[in-house]
Amino acid sequence: MAGIKEIRTKIKSVQNTSKITKAMEMVAASKMRKAQERMRAGRPYARKVRAIASHLMQANPDYTHPYMVERAKLNAVGIVLVTTDKGLCGGLNTNISRLVLARIKEFEQQGVRVQATALGSKGAGLLNRIRANVVSSEVQLGDAPNLERLIGAIKVQIDDFIAGKLDAVYLANTRFVNTMRQEPSFIRLLPLPTGLEDPFQSDSEGEERLETKYGWDYLYEPDSKTVIDDLLLRYVEGLIYQAVAENMASEQSARMVAMKAASDNAKKVIGDLQLVYNKTRQAAITKEISEIVGGAAAV
């Protein structure tokens, strides 16, 4: 009977776990819808400001912003890592962490110094474990991006780039493709990249790449410095905000899928345990009947 009691306890435990995963799946599905709407609403702006900034890199304005200056050699770079604050979202954080670690290893092999900014608890924990040079971080981002908090965290990297302490700043986040697919992304934030693929392009949307086959020229009003300074500030803000929005949409989608898989696995485990329980119980009853029959025959 001890075996039967153990199996019954296991079944009860798995049933309780299944209730939790089912609840988390429903919560993630609700948050996923809002996160995807927020992410899709910001994509057109992020694409346009990135396209204009890319075209500006090919123009010849009379004012050159520090963001537009290409460095001859990489001696030091900054990496902004965007991850989640919570786990239970499949391989989302693992994939982006693996990509960032590979890039950090490549930079170190080339003798390039790396400093990092973490947006999200999981990324901060990873960078601390590998003893990276973390210059700033922002955790507990919530369910919606807060631009003021994000800009405050990456300002250290931007100021170091303007001061010449960094030669490039890279942005690592997870790009949302669809509910079942999220891809890690590693793009150059500063200096302005040219001719690069749109980092927020979804394969299902068929957006074109940023064309760079011809030159661009602009008329500035009131003057080039005022326009370019404001534009490039919006460029950085737009990309950081959209990267976090993409990551949040990916997080909720990955968590919903992971929790659904966990609930399905729990049902399968409960079914297997129930079968074992029935067999064990049947064997115990058969043994008792045999003992009774044997005792009656002896009398």
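Analyst: Happy to! This is a predicted model. Let's start with a helix pair: the axes of α4 and helix α5 (residues 224-298) come within 10 Å, crossing at roughly 120 degrees.

User: Which residues make the contact between α4 and α5?

Analyst: From α4 come L147, L150, I151, I154 and I158, and from α5 come V236, E237, I240, Y241 and V244. By type, they divide into 9 nonpolar, no polar and 1 charged. Glu counts as charged, so E237 of α5 belongs to the charged class.

User: What makes Y170 buried or exposed?

Analyst: Buried means under 20% relative accessible area. Y170 has 14%, so Y170 counts as buried. This residue lies in strand β4, and its contacts beyond four places in sequence include F107, F186 and V77. Y170 and V77 are 93 residues apart in sequence, yet their C-alpha atoms are 7.6 Å apart in space.

User: How do you know that D167 is buried?

Analyst: Its relative accessible area is 9%, and the cut-off is under 20%, so D167 is buried too. D167 sits in the loop between α4 (147-162) and β4 (168-178).

User: What does the side chain of D167 reach?

Analyst: The D167 side chain reaches the backbone nitrogen of N75 at 2.6 Å. That is within the 3.5 Å limit for a polar contact. Among the other residues in contact with D167 are R71, K73, F161 and P191.

Terms used
Residues numbered from 1 in each chain as written. Predicted model: local features only at pLDDT ≥ 70, side-chain atom pairs only at ≥ 80, totals over all residues. Heavy atoms only, no water. Helix = DSSP H or I, 4+ residues; strand = E, 2+ residues; numbered from the N terminus. Buried < 20%, exposed > 50% of the residue type's maximum accessible area, 1.4 Å probe, protein only. Polar contact = N/O pair within 3.5 Å; in protein donor to acceptor, adjacent residues only side chain to side chain. Contact = heavy atoms within 4.5 Å. Axes fitted to C-alpha atoms, helices over the stretch in contact; angles between N-to-C directions.
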